[in-house]
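Analyst: Please consult the sequence and the model shown below. Your questions will then be taken one at a time.

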Amino acid sequence: MIPSARERPSAFSARISEREPILIIHVHSDSTISLDDADTFTAFSVTAPGRDQAAIVAAFGADAKAGEEGHVWIQIQRLHALGGEFGGAKWRDGCDSMIEFARSKGWVDELRGLLRAHIEP
């Protein structure tokens, strides 16, 4: 019997459980925001220890909005700005390739310029 989509882990959650490198936006306790594993473009998430979805969105101000449970939408321009210090055009090309993949999955809000991010538990 084939497990339902709800019963089988997604490729994304499997990557998280295997702890492969993930491009992570890190919201620190003082509300500063940085990137972890900035040159990894195989998965994308937000980590904010001790913060709920509303607190994560508040840390970003106008650059994020709440998504469905366990997700937030991040301004692509903000992601580009955060990553700008990590390699210029080469970094941007990798990031844009990740965004294109996300677009093919419906994880980009074209109208608002947002990219969907999983919130790390």
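User: Where is the place of S31?

Analyst: This is a predicted model, in which local features need pLDDT of at least 70 and side-chain atom pairs count only at pLDDT 80 or more, whereas totals for chains, interfaces and linings use all residues. Residues are numbered from 1 along each chain as its sequence is written, and side-chain values use heavy atoms, with hydrogens and water left out. Helices (H or I, at least four residues) and strands (E, at least two) are DSSP runs numbered from the N terminus. In these terms, S31 has its place in the loop between β1 and β2.

User: Is S31 buried, exposed or partly exposed, and what is its relative accessible area?

Analyst: Buried means under 20% relative accessible area, exposed means over 50%, and partly exposed lies in between (1.4 Å probe, protein chains only). S31 is therefore partly exposed, since its relative accessible area is 32%.

User: What is the phi of S31?

Analyst: Most residues other than glycine have a negative phi. S31 is a residue other than glycine, yet its phi has a positive value, near 75°.

User: In which loop is D37 found, and what is the phi of this residue?

Analyst: D37 is found in the loop between β2 and β3. With a relative accessible area of 42%, D37 counts as partly exposed. Its phi is positive although D37 is not glycine, and the value is near 50°.

User: Is D39 buried or exposed, and what separates its C-alpha atom from that of C95?

Analyst: D39 is found in the loop between β2 and β3. Its relative accessibility is 62%, so D39 counts as exposed. D39 and C95 lie 56 residues apart along the chain, and their C-alpha atoms are separated by 8.4 Å.

User: Is T40 buried or exposed, and how far apart in space are T40 and W91?

Analyst: T40 lies in the loop between β2 and β3. T40 is buried, because its relative accessible area is 12%. In sequence T40 and W91 are 51 residues apart, while the C-alpha to C-alpha distance in space is 9.5 Å.

User: At what angle do the axes of α3 and α4 cross?

Analyst: Two packed helices are described by the angle between their axes and the distance between the axes. Axes are lines fitted to C-alpha atoms, for helices over the stretch in contact, and angles between N-to-C directions run from 0 to 180 degrees. The axes of α3 and α4 come within 10 Å, and they cross at roughly 150°.

User: How are α3 and α4 oriented to each other: roughly parallel, roughly perpendicular, oblique or roughly antiparallel?

Analyst: Angles under 35 degrees count as roughly parallel, 65 to 115 as roughly perpendicular, over 145 as roughly antiparallel, and the rest as oblique. Relative to each other, α3 and α4 are therefore roughly antiparallel.

User: How many nonpolar, polar and charged residues are in the contact of α3 with α4?

Analyst: Contact means heavy atoms within 4.5 Å. The residues that make this contact are I76, L79, H80 and G83 of α3, together with W91, R92, C95, D96, M98 and I99 of α4. Ala, Val, Leu, Ile, Met, Phe, Trp, Tyr, Cys and Pro count as nonpolar, Asp, Glu, Lys and Arg as charged, and the others, Gly among them, as polar. By class, the contact has six nonpolar, two polar and two charged residues.

User: How many residues are in the largest nonpolar core?

Analyst: A nonpolar core is a set of buried Ala, Val, Leu, Ile, Met, Phe, Trp, Tyr and Cys residues joined through side-chain atoms within 4.5 Å. In the largest such core, the residues with the most contacts inside it are I25, F44, I74, L79 and L115, and the total is 28 residues.

User: Which element gives the largest share of this core?

Analyst: Among the elements that give two or more residues to the core are β1 (23–27), β5 (71–75), α3 (76–83), α4 (88–104) and β7 (114–119). The largest share is five residues, and these come from α4.

User: What separates the C-alpha atoms of I74 and R116?

Analyst: I74 is found in strand β5, and it counts as buried because its relative accessibility is 1%. Beyond its neighbours within four places in sequence, I74 is in contact with residues including I25, F44, L114 and L115. I74 and R116 are 42 residues apart along the chain, and the separation of their C-alpha atoms is 6.4 Å.

User: How far apart in space are A59 and T32?

Analyst: A59 has its place in helix α2. Leaving aside neighbours within four places in sequence, A59 is in contact with V27, S31, I33 and R51. A59 and T32 are 27 residues apart in sequence, and their C-alpha to C-alpha distance is 7.6 Å.

User: Which pattern does the chain follow along the sequence?

Analyst: The chain contains four helices and seven strands. Read along the sequence, their pattern is α-β-β-β-α-β-β-α-α-β-β.
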